[in-house]
Amino acid sequence: MRPLPGAPGVAAAAALLLLLLPRARADEHEHTYQDKEEVVLWMNTVGPYHNRQETYKYFSLPFCVGSKKSISHYHETLGEALQGVELEFSGLDIKFKDDVMPATYCEIDLDKEKRDAFVYAIKNHYWYQMYIDDLPIWGIVGEADENGEDYYLWTYKKLEIGFNGNRIVDVNLTSEGKVKLVPNTKIQMSYSVKWKKSDVKFEDRFDKYLDPSFFQHRIHWFSIFNSFMMVIFLVGLVSMILMRTLRKDYARYSKEEEMDDMDRDLGDEYGWKQVHGDVFRPSSHPLIFSSLIGSGCQIFAVSLIVIVVAMIEDLYTERGSMLSTAIFVYAATSPVNGYFGGSLYARQGGRRWIKQMFIGAFLIPAMVCGTAFFINFIAIYYHASRAIPFGTMVAVCCICFFVILPLNLVGTILGRNLSGQPNFPCRVNAVPRPIPEKKWFMEPAVIVCLGGILPFGSIFIEMYFIFTSFWAYKIYYVYGFMMLVLVILCIVTVCVTIVCTYFLLNAEDYRWQWTSFLSAASTAIYVYMYSFYYYFFKTKMYGLFQTSFYFGYMAVFSTALGIMCGAIGYMGTSAFVRKIYTNVKID
């Protein structure tokens, strides 16, 4: 099996990006066959049923291979390599529309070491996965008796393949031939193939793998309705603030304009107008802040585009296509990161724009690759198929340096030149205004902790369905739901951060930039806390590798979601702040 090669240089990087897209190959990739033409049965991986990501090469267990000449398989896309797809030829002789009567294809010489390997696999409920014409098939290695003393191996693979015209549309596997595992014996492995005509259309052949009763359950619809009602409530609340409360504020400030200096000095001055000279003051740590905003905008763009592509194309029909599409879109949308991050840094008076560009470009890739690098050590120790090949690591690094970084530079230059001028409606005072004391629940730290509750409440049911599709054996296909939830999340996040910012400014605290970002980003904390609940109460995962994989990548997912929500919250709040200070008279 040859790993995806990587080579430096811009031309190599372009070639690597092309590898992200599926490539056609004869027969099984054209999905058309002539009578008696060879049909390949690929053996993929084997592993514990409860640990979906802990997979090993099929022949890491002492199975025997058929007598037919071996065929090598290479990783066709980067997503396939990263997801641990390890296709190996089964050696079984299968021809299109040609039935095979029960026949022995190989023999296992079962010594004590091989028996122990099979017993361990049966104790841990090992399942294996195979592919015929890109259709996945699952089978169980064996089973134990009721007392757990004797162990049995399934030795007979009964394949029923459905065809429609010259295409394969259905595959079923029945495991039979239960043989007791006894050391120093020989076990014969056999198979049979039965072809049958099917009315299933080729376009619908993956429908049997979907689970409408799970994904289109009434709870799913109810959660969408519940989130929609939350949106109506929050939009109403924000509208009340904008129309009613701000109108009163404007009226009060206009009245103050008509007072003479003595009355104004004796008057009760308070509220958000009092911080007009500081509200557009640059945030603390502008370099990190602008990099986070740029990365969040890019993650939002990637999420939106990938969901739209998934709604149009059935990405679940090709191995690794979802991950390949996400990587390709992330690389292609790098100018979005550079534009929003670079322009914000310029408006805040930042001078080290090259450093900001590098941090913005590599913030997310460094987080993902750092986590993957750590988990990769554990995968190598376990000899798992999830261990990322060195060539694939080189490919990812080339994409980062020769695609993401240059595109980010283009976006940064455009952002600094097109919208990098600080055209604030209010002048920034030279001396910062002292922040008065306020009640404890108006402190930024408290607002940040509470700000993520409502956005999390709008998505946590959808999180359950997404987690189940990734960590269990479900194929997520209801991307219309996901798009609706993304829209609801954006609206809820913007509304919550606007309300939080209004109360903060009313308390004459002008530190709204980080507060608006972090109050929305705190959604990530609640999502990660929910992942602990899901792990302990909804799964039966165990072992160092699976636990590290789960909590490592859940941390990456939660952080990316938090950065996206933070950027959305800041962008919405920034428009709100600019709007209210534009409409008020400032001396």
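**The disulfide and its surroundings**

Mentor: Start with C64 and C106, which are joined by a disulfide with an S to S distance of 1.7 Å. The term here means a pair of cysteine sulfur atoms within 2.5 Å. In general, such a link is a covalent bond between the sulfur atoms of two cysteines.

A word on the source: this is a predicted model, where local features need pLDDT of at least 70, side-chain atom pairs count only at pLDDT 80 or more, and totals for chains, interfaces and linings use all residues. Residues are numbered from 1 along each chain as its sequence is written, and side-chain values use heavy atoms, with hydrogens and water left out.

Searching the whole structure gives 1 disulfide. It ties together distant parts of the chain, with C64 and C106 42 residues apart. C64 sits in the loop between strand 2 (56-57) and helix 2 (78-82), while C106 belongs to strand 4 (residues 100-110). Helices (H or I, at least four residues) and strands (E, at least two) are DSSP runs, numbered from the N terminus. The disulfide is right-handed, because the torsion about the S-S bond of C64 and C106 is about 60 degrees. Both C64 and C106 are buried. Buried means under 20% relative accessible area, exposed over 50%, and partly exposed in between, for a 1.4 Å probe and protein chains only.

C397 is partly exposed, because its relative accessible area is 42%. C449 is in no disulfide either, since the nearest cysteine sulfur, in C500, lies 11 Å away. With a relative accessibility of 46%, C449 also counts as partly exposed.

Axes are lines fitted to C-alpha atoms, for helices over the stretch in contact, and angles run from 0 to 180 degrees between N-to-C directions. The cut-offs are under 35 degrees for roughly parallel, over 145 for roughly antiparallel, 65 to 115 for roughly perpendicular, and oblique for the rest. The crossing of helix 12 and helix 15 is right-handed. A crossing is left-handed if the near helix is turned anticlockwise from the far one by less than a right angle, and right-handed if clockwise. P444, I447, V448 and G451 of helix 12 touch T515, L518 and S519 of helix 15. Contact means heavy atoms within 4.5 Å. That contact has 4 nonpolar, 3 polar and no charged residues. Ala, Val, Leu, Ile, Met, Phe, Trp, Tyr, Cys and Pro count as nonpolar, Asp, Glu, Lys and Arg as charged, and the others, Gly among them, as polar.

Helix 15 (residues 512-521) also packs with helix 7 (residues 286-312), at an angle of about 40 degrees and with the axes 12 Å apart. So helix 7 and helix 15 are oblique. Their crossing is left-handed. From helix 7 come I288, F289, L292 and I293, and they meet Q513, W514 and F517 of helix 15. This contact of helix 7 with helix 15 has 6 nonpolar residues, 1 polar and no charged.

C500, named above as the cysteine nearest to C449, points us to helix 14 (residues 479-506). The axes of helix 14 and helix 13 (residues 453-471) come within 8 Å, crossing at roughly 160 degrees. Helix 13 and helix 14 are therefore roughly antiparallel. Their crossing is left-handed. Helix 13 brings L454, P455, S458, I459, E462 and I466, which touch residues of helix 14 including F481, M482, V485 and I488. By class, 11 are nonpolar, 2 polar and 1 charged.

Finally, the whole chain. It has 17 helices and 10 strands. Buried residues make up 52% of its 587 residues. Its C-alpha atoms fill a box of roughly 105 × 55 × 45 Å along the principal axes. Of the contacts between residues at least 6 apart in sequence, 83% join residues at least 24 apart.
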